[in-house]
Amino acid sequence: MGERKVTVAAEVGLHARPAATFVQRAKQAPMDITVARPYSGDPVNGKSILAIMGLDVRQGETVVISAEGEGSETILDELAAIAGAP
Amino acid sequence: MTTVLAPVEGAAVGLAAVPDPVFSAGMVGPGTAIDPLRGPGKAVAPIAGKIMKLHPHAYVIVGDDGKGVLVHLGIDTVQLQGEGFKLLAAEGDRVSAGQPVVAWDPAAIEAGGRSPVCPVVALDALAGAVTGVAEGAVHVGDELFRWE
């Protein structure tokens, strides 16, 4: 299972544009994508805008993005870049 | 099937008219947008359910079937940090369709240089799942679209 731990840099947090961009990329991935807060809470579906909004990640908070399978490292890098973009 | 009601009074103009590509390109989901009547008003819950997220400028109601509807009050209004918005309910509250959630004034948003247009979006829905989208004048509580 591949993971990326990312600090969300966008002023609005992982909402609105960053959330929509993240989910749009995640939906293109063939495997499951999950997003969780580190050390607490269950992972949520990274392909669901509702789930990502519900996670309510604010600027400066950290998330763990997980995926498994062929190509997952590349996808995780891209998703980490989206989630970490200012 | 979920019937989504107009959360504000105004003119249903479609998501393509929203001056933010996240909404106009349908990245958040299908639905429509309302160009609201200028003047103080109360934005209501478009469906019955639980208030999953409540920001002054936006809220998400999730129905018992798990469908979530986003109402965004104006564009780039997160920058206002709540100024000009008054919460009439709390996150986690159960609301009925048509119950007031946020009091605001679209005219004040516009006077501040922002668009007061309100996207109403079926989150995670496929484009074809939204039908019967209203066009033109809508009153609060009118049927805005259906989510199959």
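Visitor: Which residues does Val69(B) touch, not counting residues up to four places away in sequence?
Guide: This is a predicted model. Val69(B) belongs to the largest nonpolar core, where Val69(B) and Leu123(B) touch the most other members. Not counting residues up to four places away in sequence, Val69(B) touches Val4(B), Pro46(B), Ile47(B), Val60(B), Ile61(B), Val120(B), Val121(B), Ala122(B) and Leu123(B).

Visitor: Which helix gives the largest share of this core?
Guide: In soluble globular proteins, nonpolar side chains tend to be buried together. The largest nonpolar core here has 69 residues. Its largest share is six residues, and they come from chain A, from helix 1 (residues 16–27).

Visitor: How do the residues on the side of chain B that touches chain A divide?
Guide: Chain A and chain B each bring eleven residues to the contact. On the side of chain B, these residues divide into seven nonpolar, two polar and two charged.

Visitor: What percentage of the residues of chain B count as buried?
Guide: A residue is buried if 20 or more other C-beta atoms lie within 10 Å of its own. Of the 148 residues of chain B, the share that counts as buried is 44%.

Visitor: What share of the contacts in chain B with a separation of 6 or more comes from residues 24 or more positions apart?
Guide: Chain B is built with two helices and 14 strands. Among its contacts with a separation of 6 or more, residues 24 or more positions apart account for 69%.

Visitor: Which are the edge strands of the open three-stranded sheet in chain B?
Guide: The strand order in this open sheet is 4-10-8, with antiparallel pairing. Strand 8 and strand 10 (residues 100–104) of chain B pair over two bridges, and the bridge partner of Lys86(B) in strand 10 is Ala103(B). An edge strand pairs on one side only, and in chain B these are strand 4 (41–44) and strand 8 (86–87).

Visitor: In strand 9 of chain B, which residue is the bridge partner of Gly49(B)?
Guide: Strand 5 of chain B also pairs with strand 9 (residues 94–95), in the antiparallel sense and over two bridges. In strand 9, the bridge partner of Gly49(B) is Val95(B).

Visitor: Is Gln81(B) buried or exposed?
Guide: Gln81(B) lies in the loop between strand 7 (68–72) and strand 8 of chain B. Its phi is positive, about 50 degrees, although it is not a glycine. Because Gln81(B) has 11 other C-beta atoms within 10 Å, it counts as exposed.

Visitor: What is the phi of Asp56(A)?
Guide: Most residues other than glycine have a negative phi. Asp56(A) is found in the loop between helix 2 (49–55) and strand 4 of chain A. With 15 other C-beta atoms within 10 Å, Asp56(A) is partly exposed. Although Asp56(A) is not a glycine, its phi is positive, at about 55 degrees.

Visitor: In strand 4 of chain A, which residue is the bridge partner of Thr34(A)?
Guide: Strand 4 of chain A runs antiparallel to strand 1 (residues 2–7), joined by six bridges, and Glu3(A) has Ser66(A) as its bridge partner there. Strand 2 (residues 33–37) of chain A is joined to strand 4 by four bridges, again antiparallel. In strand 4, the bridge partner of Thr34(A) is Ser66(A).

Visitor: Which residues does Glu68(A) touch, not counting residues up to four places away in sequence?
Guide: Glu68(A) is placed in the loop between strand 4 (62–67) and helix 3 (72–84) of chain A. It has 13 C-beta neighbours inside 10 Å and therefore counts as partly exposed. Not counting residues up to four places away in sequence, Glu68(A) touches Met1(A), Gly2(A) and Met31(A).

Visitor: How far apart are the end C-alpha atoms of residues 1–86 of chain A?
Guide: UniProt, in an unreviewed entry, places the feature "domain: HPr" at these residues. The span is 37% helix and 27% strand, and the distance between its end C-alpha atoms is 27 Å.

Note on methods:
Residues are numbered from 1 along each chain as its sequence is written. Chains are lettered from A and ligands numbered from 1 in the order in which they are written. This is a predicted model: local features need pLDDT of at least 70, side-chain atom pairs count only at pLDDT 80 or more; totals for chains, interfaces and linings use all residues. Two strands pair if DSSP finds at least two bridges between them. Two residues are in contact if their C-beta atoms, placed from the backbone, lie within 7 Å. Ala, Val, Leu, Ile, Met, Phe, Trp, Tyr, Cys and Pro count as nonpolar, Asp, Glu, Lys and Arg as charged, and the others, Gly among them, as polar. UniProt positions are given in the numbering used here, feature names are shortened, and annotations may be inferred rather than shown by experiment. A residue is buried if 20 or more other C-beta atoms lie within 10 Å of its own, exposed if 12 or fewer, and partly exposed in between; C-beta atoms are placed from the backbone. A nonpolar core is a set of buried Ala, Val, Leu, Ile, Met, Phe, Trp, Tyr and Cys residues joined through C-beta atoms within 7 Å.
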